[in-house]
Amino acid sequence: MRRAIEQELGELGRLATPLVLTNLGNMALSLVDIAIVGRLGAPELAAAGLGNAIFFLLAVFGMGLMFGLDPLIAQAVGAGEGRTARRILWQGVWLSIAVTVPLSAIVIAVGEQLHRFDAAPEVLSLTRTYLHARLPSLLPFLVLAASRAYLQALGHTRSLLIAVVVANVVNVPVATGLSFGYAPLGVPAFGIAGAGYATAVATMVQLVIAAAPIAVLEVPAGESSLRAPDRVLLARALRIGGAIAVQFLIEAGSFSLVTMLMTRFGTEVMGGHQVALSLVSTTFQIALGVGAATSVRVGHAIGRDDAIATRRAGLVGIVSGTAIMTIGALVLLAIPEHLASLFTLEPAVIRTAVPLLFVAACFQLSDGAQTIAQGALRGAGDTFWPLVINLSGHYAVGLPLGIALAWGVLDLGAAGLWWGLSAGLTYVAIAMTVRFVRLSRRAIARV
């Protein structure tokens, strides 16, 4: 048993490490934008926070649909069905194209209704500008997610890592030049829109480099016949991905609603919330990478019809990934002011971010456990109960408690909303882990 666990840890580590680094690289793209926007001023930082909350809420729904490919491809690879895995990849490409149009329309529609938010008119105007600038990045983002599902299932993740490194190298000068202008080349200052345009450019570059190996990597005979839309596979991917997308929407929606509630506390508090959220999102990328690797390991084991390996892969992923998240908690506790100052030079914004980072440090373990447990369940194709758990945890526990703590008898303000988020994540983490433990007591059928 010990040898089997050590072997599983080694396999998990080899797969998770490049995925974690890739996720951190993706997060760096957003952090650079926030750091640049933060130097434009507090209104721009608040607008970027609100804009990111809105855009991310819709983008994460699309990403959830793409995550429906994970168990299908991983289980096909585990069963040695290379052609099926390749066909599923192409269904993901068609799916990403199909969902980009309605999601883009929703982004534009929300931008036209921003006047309904309780925030300064200047912030709302800047938010609308930022949303429009981010739109071109949506399609390459979704196609990249489909490509990632295929590459990680095959264990070929090097191009993903190379792509995100190059994207960051491109993003820094492009974001700086477009935001502040670059006179020698006659580039005007686009302000907050420049950061959005730069993200779109970097995402396109990332997609081209990451997906390039797919054209030559283990191409099966009759490749062209695999590219046509397949109604059966599309329906299966939509059934699994739809539930995952709603799960993601529920969790991201709770954070987005908290961001919108933050508008009631003023521009500085909104900025502090955005800084804290950016840092928490960075540590979250570690859990997300381990969760993706755990999903693949569970999917492979199910494809091989190995019930013992399925259970071991899920539990090893949950325990090891949660342990790693303690590092993020310790860093947030040790140097909160220094971390906040990386994103803004506004003293008032830094002061509001520090207490939120304390709360964030407290829920690092819960956030890690729930993310990785969801990955294990995703690899098994289990979507209904995770959906119920997310809904109850965030909307029956987290948000009501957060609102009560923020404006109730304790009157904790912004920190109260964050304590509510913490409670919701803890509930979800416990329930998701229990669900996987029970599900993996017996053999799990392929989806």
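The following legends describe close-up views of a predicted model.

**View A. Confidence across the predicted model.** The protein has a mean pLDDT of 89, and 98% of its residues reach 70 or more. Among its elements, the lowest mean pLDDT, 72, belongs to helix α9 (residues 223-226), and the highest, 95, to helix α17 (residues 414-439). Where pLDDT is low, the predicted coordinates should not be read in detail.

View B. Helix α4 spans residues 82-112 and includes Gln91. The relative accessible area of Gln91 is 1%, so Gln91 is buried, the cut-off for buried being under 20%. With neighbours within four places in sequence left aside, Gln91 contacts Leu226, Ala228, Pro229, Asp230, Leu233 and Leu234. One of these contacts, Leu226, falls within the residue range of helix α9 (residues 223-226).

View C. Ile327 is part of helix α12, which covers residues 307-334. Ile327 counts as exposed because its relative accessible area is 54%, where exposed requires over 50%.

**View D. Pro400 in helix α16.** Pro400 sits in helix α16 (residues 384-407). Its relative accessibility is 38%, and Pro400 is therefore classed as partly exposed. Not counting residues up to four places away in sequence, Pro400 touches His394 and Tyr395. Phe265 is 135 residues from Pro400 in sequence, and the C-alpha to C-alpha separation of the two is 18 Å.

Technical notes: Residues are numbered from 1 along each chain as its sequence is written. This is a predicted model: local features need pLDDT of at least 70, side-chain atom pairs count only at pLDDT 80 or more; totals for chains, interfaces and linings use all residues. Side-chain values use heavy atoms; hydrogens and water are left out. Helices (H or I, at least four residues) and strands (E, at least two) are DSSP runs, numbered from the N terminus. Buried means under 20% relative accessible area, exposed over 50%, partly exposed in between (1.4 Å probe, protein chains only). pLDDT is the predictor's confidence in each residue, from 0 to 100. Contact means heavy atoms within 4.5 Å.
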